[in-house]
Amino acid sequence: MSNQRTVSFPTQELLDAVGPLPENLTPVIWDLVNEPVTDLAQIDITIFPYMASPHSLRNINQAPNVTHVQTQTTGFDGLVDLVGDRANITTAAGVHAAATAEMAVGLAIASLRGFPQAVRDQAEGKWNPMQWRGLADRTVGLVGVGGIGEEIHKRLAPFEINLMRFGSRARTDEHGEVLDIDQLAQRASEIEVLILIVPLNDSTHHLVDASLLAKLPDGALIVNVARGPVVDTDALVAEVASGRLSVASDVFDPEPLPADHPLWKCPNALILPHNGGNTAAFFPRMVKLLKGQLKAWSAGELGENAVHQITR
């Protein structure tokens, strides 16, 4: 067929789960680390491994004729620079939304109800009742109102909080007011729980810096399920180590967090290893998305969640 194209899958398991491909799509296995059985020059479309390392992602440049890449993550920071104008990029937006949203709310509740302290006490066989702040009646600043932000909003609704939402521009939607993210510093003194779910780009890199952290009230909690560099790590460590602020985070800068990093020793830091979307719901949702994507690619279409398109 003149429109025959080769699609690389990162694992045989994923290919088997997706099932038979359209006739004009030929599958190969390539994890971006080991050599595939076919010539790399034959690959037209590449499905990236989930949470692939930056080093392995650079190997996409060994496949000179790839014109489309599909991530298994919602975030795609750095990929536009990596592929330039030679390849379209589609993401797994929506696949991780429920899992990441439940983690954001779970991190907030766990920290605000003292679960980490309870785990430490349990290890010592120590009965240690004490009063914790809790989530009810707190003022929550939700920074990011995209797909995952919307799912977090849904899950926060029953918790009787005062919610402020911040987006890329001020507007009113079906849920009410969305503040411009530029107003975050102005309103920071009101925010007791700051939840971050923005994409990482030039405008959000170190969005939460020393100046913003200083404006948060004593005892405030930062919940980061976005990307590590959205927060200035050094500034965060200074505030958390002092005991003035707390953090409950799934993402860090750097990652993995080094074993000797000072955050590990802060009792008011709850640390998870970038596990937000990694639940049993991930694989079947990814398979469902890919089945639709493969039909679109077979027809010469981009498919869902296009975030970058070839400009030439």
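**Strands, buried loops and an enclosed space**

Reader: Which residue in E5 is the bridge partner of Val69?

Author: In E5, Val69 has Ile89 as its bridge partner. This is a predicted model, in which local features need pLDDT of at least 70 and side-chain atom pairs count only at pLDDT 80 or more, while totals for chains, interfaces and linings use all residues. Residues are numbered from 1 along each chain as its sequence is written, and side-chain values use heavy atoms, with hydrogens and water left out.

Reader: What makes strand E4 and strand E5 a pair?

Author: Strand E4 (residues 68-70) and strand E5 (residues 88-90) are joined by three bridges in the parallel sense. Pairing requires at least two bridges found by DSSP, so three bridges are enough for E4 and E5. The strands themselves are DSSP runs (E, at least two residues; helices are H or I, at least four), numbered from the N terminus.

Reader: Why are E2 and E14 called edge strands?

Author: The open sheet of six strands runs in the order E2-E1-E3-E4-E5-E14, with mixed pairing. Strand E2 (25-29) and strand E14 (306-308) each pair on one side only, and they are the edge strands. From one strand to the next, the twist averages 25°.

Reader: What lies across this sheet, and at what angle to E4?

Author: Helix H10 (residues 282-298) lies across strand E1 (5-9), E2, strand E3 (45-47), E4 and E5, at about 165° to E4. Angles run from 0 to 180 degrees between N-to-C directions, with axes fitted to C-alpha atoms, for helices over the stretch in contact. The value of 165° is therefore to be read on that scale of 0 to 180 degrees.

Reader: Why is Leu135 called buried?

Author: Leu135 has a relative accessible area of 6%. Buried means under 20%, exposed over 50% and partly exposed in between (1.4 Å probe, protein chains only), so Leu135 counts as buried. Leu135 sits in the loop between helix H5 (115-123) and strand E6 (139-143). Its contacts (heavy atoms within 4.5 Å) are Ile109, Leu112, Val140, Leu156, Phe159 and Ile161, leaving out residues up to four places away in sequence. From Leu135 to Glu160 there are 25 residues in sequence and 8.1 Å in space, C-alpha to C-alpha.

Reader: How do you know whether Asn59 and Leu32 are buried or exposed?

Author: Asn59 has 17% relative accessibility and Leu32 has 0%, so each counts as buried. Asn59 is in the loop between helix H2 (54-57) and E4, and Leu32 is in the loop between E2 and E3. With neighbours within four places in sequence set aside, Asn59 is in contact with Leu32, as well as with Trp30 and Val33.

Reader: What makes the phi values of Leu32 and Asn305 worth a remark?

Author: Phi of Leu32 is near 70°, a positive value in a residue other than glycine. Asn305, not a glycine either, has a positive phi of about 65°. Asn305 lies in the loop between H10 and E14, and at 22% relative accessible area Asn305 is therefore partly exposed.

Reader: Which peptide bonds are cis, and where are their prolines?

Author: The bond from Asp253 to Pro254 is cis, with omega near 10°. The bond from Glu255 to Pro256 is cis too, with omega near -10°. Pro254 and Pro256 lie in the loop between E12 and E13.
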